[in-house]
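Reader: I'd like to go through this one term by term. Can you tell me what stands behind each label?

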Amino acid sequence: MTAPEEDAPGPEPPKAPEEPRLGVLAVTDTAPDSIRLSWTVARGPFDSFVVQYEDTDGQPQALLVDGDQSKVLVSGLEPSTPYKFFLYGLRAGQRLGPVATEGTTGPAPAGQTPGEPGPRLSQLSVTDVTTSSVRLNWEAPPGAFDSFLLRFGVPSPSTLQPRPRPPLQRELAVPGTRRSAVLRDLRPGTLYSLTLYGLRGPHKADSIQGSAHTLSPVLESPQDLQFSEIGETLAKVSWMPPPSRVDSFKVSYQLADGGEPQSVQVDGRTWTQTLQGLTPGARYAVTVVSVRGFEESEPLTGFLTTVPDGPTQLRALNLTEDSALLHWKPPQNPVDTYDVRVTAPGAPPVQGSAPGSVEDYLLHRLLPHTNYTATVQGLRGPNLTSPASITFTTGLEAPQDLEAKEVTPRTALLTWTEPQVPPTGYLLSFDTPGGQTQEILLPRGVTSHQLLGLFPSTPYSAQLRAMWGESLTPPVSTSFATGGLQIPFPRDCGEEMQNGASTSRPTTIFLSGNREQPLNVFCDMETDGGGWLVFQRRVDGQTDFWRDWEEYAHGFGNISGEFWLGNEALHSLTKAGDYSMRVDLRAGDEAVFAQYDSFRVDSAAEYYRLHLEGYHGTAGDSMSYHSGSVFSARDRDPNNLLISCAVSYRGAWWYRNCHYANLNGLYGSTVDHQGVSWYSWKGFEFSVPFTEMKLRPRSFRSPAGGG
């Protein structure tokens with residue numbers, strides 16, 4: 001008998017996806033200076049995990065672990081000491097958990113007092129890699145360990161599977177006097193995880209981890225190397241890929257008769273590459289190899305010859321009713337003669353020859369108000385180079401009444417009257433104090449231009465030409481002299497303030513007062529008496545601060561917005577004087593500061609090591625912890641930590657282990673201490689929306705009488 005139709009249950013509503021959940025955290029092994037933790041996942045997966053604990057000084061520590069791992073070794077601990085560990089799971093920006101456990105490290109070995117660090121393993125490296133073997137090398141103090149144990153195997157694909165298969169582990173015992181060992185009978189093209197234990201008696205006193213990848217079988221070369229679109233300085237290279245899979249191709253090229261080889265890496269799905277920056281008229285050897293992992297194939301080699309170079313940058317100067325001066329840049333390789341041809345509809349052609357040593361050719365007896373085409377080619381023996389061509393019109397009118405107005409110590413406003421027939425643009429040129437000529441292209445329609453960055457107390461001469469395409473009128477000229485300053489080439493914003501600057505703005509200073517080393521900076525002339533040179537600002541998150549070592553060395557961003565001035569500039573500034581440093585932080589209506597009486601940054605050879613002392617302020621002292629630390633970025637960590645602090649906390653900074661300030665961190669982030677944080681003010685879980693870091697001389701005294 002069936003139930004009535006109206007009583008039949010309807011379809012169940014779909015269930016919301018369940019969030020992941022941690023299982024159990026447990027201690028699986030202890031040593032005098034380390035504890036190994038492992039955990040389970042009740043419901044997964046997770047993107048990553050964070051293990052947190054406090055060291056014996058009460059300072060918080062954190063370890064970031066990949067989401068496919070389920071254990072971690074916490075090292076650097078004190079013997080016979082209890083610790084409490086918290087495990088968080090991270091998924092899609094959320095932090096879940098924690099689960100906790102407690103553990104106590106083992107007693108110190110005989111002869112070692114508590115608090116005294118035991119001998120450590122270090123510098124685990126891999127050499128002599130083949131398809132079936134690798135050599136491992138390491139360092140340890142003499143006599144520190146009775147023996148070593150090498151444990152190695154292929155990692156399982158994922159610990160998130162319901163029943164992951166344990167990795168196949170093999171072990172190799174090594175005498176305590178050895179510092180290297182060869183692992184044999186390995187699988188080709190395979191990644192192995194490695195753990196080296198230092199043993200005292202049967203006890204594991206220390207360990208270090210790493211990985212090694214064996215070579216793959218022989219990789220096939222690409223085929224059918226071809227060249228096309230060959231010019232003076234570039235050529236296109238193409239090839240056919242091998243039948244087997246490749247990760248990438250490496251294209252190398254150098255002069256066939258010797259020279260510095262250049263290489264470029266190309267994605268394995270791309271079979272062409274344009275070579276640039278070649279020498280005209282030269283023969284090149286080009287090789288292409290297949291790349292897979294660490295393996296390279298035998299090279300495929302071919303040869304090409306670039307087109308001989310000819311004259312370039314052809315212009316028609318000093319145009320009048322019936323004459324013009326052709327001017328060009330000569331080719332890199334000298335020519336014997338130049339062939340000059342000039343034509344116009346309804347006008348007799350002009351043909352001439354010029355010696356290979358000249359760069360000009362005077363045309364005369366031309367028809368007025370006529371459009372001409374000029375072509376110049378070089379001849380080397382019987383061979384013609386590539387040509388240079390332009391069009392020009394005779395009888396064009398030059399600009400008039402060029403004047404310099406509103407001249408200051410560093411600027412001048414040039415004005416002029418436009419010709420009756422408006423040109424397509426203008427070429428403005430002026431001589432610099434170094435004896436060089438600077439040229440500025442200006443658009444059509446303008447009748448003034450502001451010259452910036454001039455030197456004080458210096459005479460200048462400026463010339464202006466009207467342009468129609470590559471045709472230029474004779475120049476009109478004017479001369480002027482800039483005014484004087486108390487400090488013509490200020491070394492910092494403190495000296496710039498002595499020159500009378502009173503408003504915060506971008507300006508130019510000169511490193512060590514050398515006019516040959518200008519640096520564009522932003523001066524804060526208002527905070528605490530002014531005179532501050534700003535070297536970092538975060539305000540809206542529009543500028544990406546997740547950058548590499550070189551970008552932090554040389555600076556990035558806009559000095560009127562978000563930017564980092566550059567570690568090289570910080571070193572050059574602070575090595576030449578005695579400076580203090582200030583940090584301004586704002587969040588809504590709240591504003592605090594931290595000031596340090598002494599601030600210095602070492603050179604690149606010292607990894608831009610930070611030195612500062614003498615805190616006072618209202619933000620709390622979060623920077624003294626970092627004094628003495630080297631700078632590290634995502635691609636370079638001079639601290640050689642297993643997991644780089646810069647990578648873990650998404651910044652670049654003077655990290656120690658790891659930070660109490662992270663002002664170059666991920667803007668707006670409140671996850672895993674990765675944000676723009678200042679611990680002493682808002683803790684780790686708050687990302688500060690506005691920061692400025694700035695420096696000024698310790699001896700600075702405001703012209704208004706402030707300190």
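Author: Let's start with the record: the unreviewed UniProt entry annotates "domain: Fibronectin type-III" over residues 16-110, 120-218, 221-310, 311-397 and 398-488. Those positions are in the numbering used here, feature names are shortened, and such annotations may be inferred rather than shown by experiment. This is a predicted model, so local features need pLDDT of at least 70 and side-chain atom pairs pLDDT 80 or more, while totals for chains, interfaces and linings use all residues. Residues are numbered from 1 along each chain as its sequence is written, and side-chain values use heavy atoms, with hydrogens and water left out.

Reader: What is the helix and strand content of residues 311-397 and of residues 398-488?

Author: Residues 311-397 are 0% helix and 59% strand, with end C-alpha atoms 28 Å apart. For residues 398-488 it's 0% helix and 53% strand, and the ends lie 36 Å apart. Helices (H or I, at least four residues) and strands (E, at least two) are DSSP runs, numbered from the N terminus.

Reader: How do you know that β15 and β16 pair?

Author: Two strands pair if DSSP finds at least two bridges between them. Strand β15 (residues 223-228) and strand β16 (residues 235-240) have 4 bridges, in the antiparallel sense, so they pass. Gln223 stands opposite Met240 in β16. The two strands form a hairpin with 6 residues between them, and Glu229 in the turn has a positive phi of about 50°.

Reader: What makes Cys493 and Cys523 a disulfide?

Author: The cut-off is a pair of cysteine sulfur atoms within 2.5 Å. Here the sulfurs are 2.0 Å apart, so the pair counts. Cys493 lies in helix α1 (residues 493-498) and Cys523 in strand β40 (residues 518-524), so the bond ties together parts 30 residues apart in sequence.

Reader: Why is that disulfide called left-handed?

Author: Because the torsion about its S-S bond is about -80°.

Reader: And what makes Cys493 and Cys523 buried?

Author: Buried means under 20% relative accessible area, exposed over 50%, and partly exposed in between (1.4 Å probe, protein chains only). Cys493 comes out at 0% and Cys523 at 1%, so both qualify as buried.

Reader: How many disulfides does the structure hold?

Author: It holds 2. Cys645 is joined to Cys658, S to S 2.0 Å, and the torsion of about -75° makes this disulfide left-handed. Cys645 is in helix α4 (residues 645-648) and Cys658 in the loop between α4 and β47 (661-662), 13 residues apart. Both cysteines are buried. Counting bonded cysteines along the chain, the pattern is 1-2, 3-4.

Reader: Why is α3 described as mostly covered?

Author: In helix α3 (residues 567-575), 7 of its 9 residues are buried. Among them are Leu570, His571 and Leu573.

Reader: What makes the second largest pocket a pocket, and which residues lie nearest its centre?

Author: On a 1 Å grid over the protein atoms alone, a pocket is an open set of points with protein on both sides within 12 Å along at least five of seven lines; a cavity is a set where a 1.4 Å probe fits but cannot get out, and lining residues have an atom within 4 Å of a point. This pocket has 18 lining residues, with Arg410, Thr411, Arg505, Thr507 and Thr508 nearest its centre. β39 (505-510) and β40 each supply at least two lining residues, and β39 gives the most, with 4.
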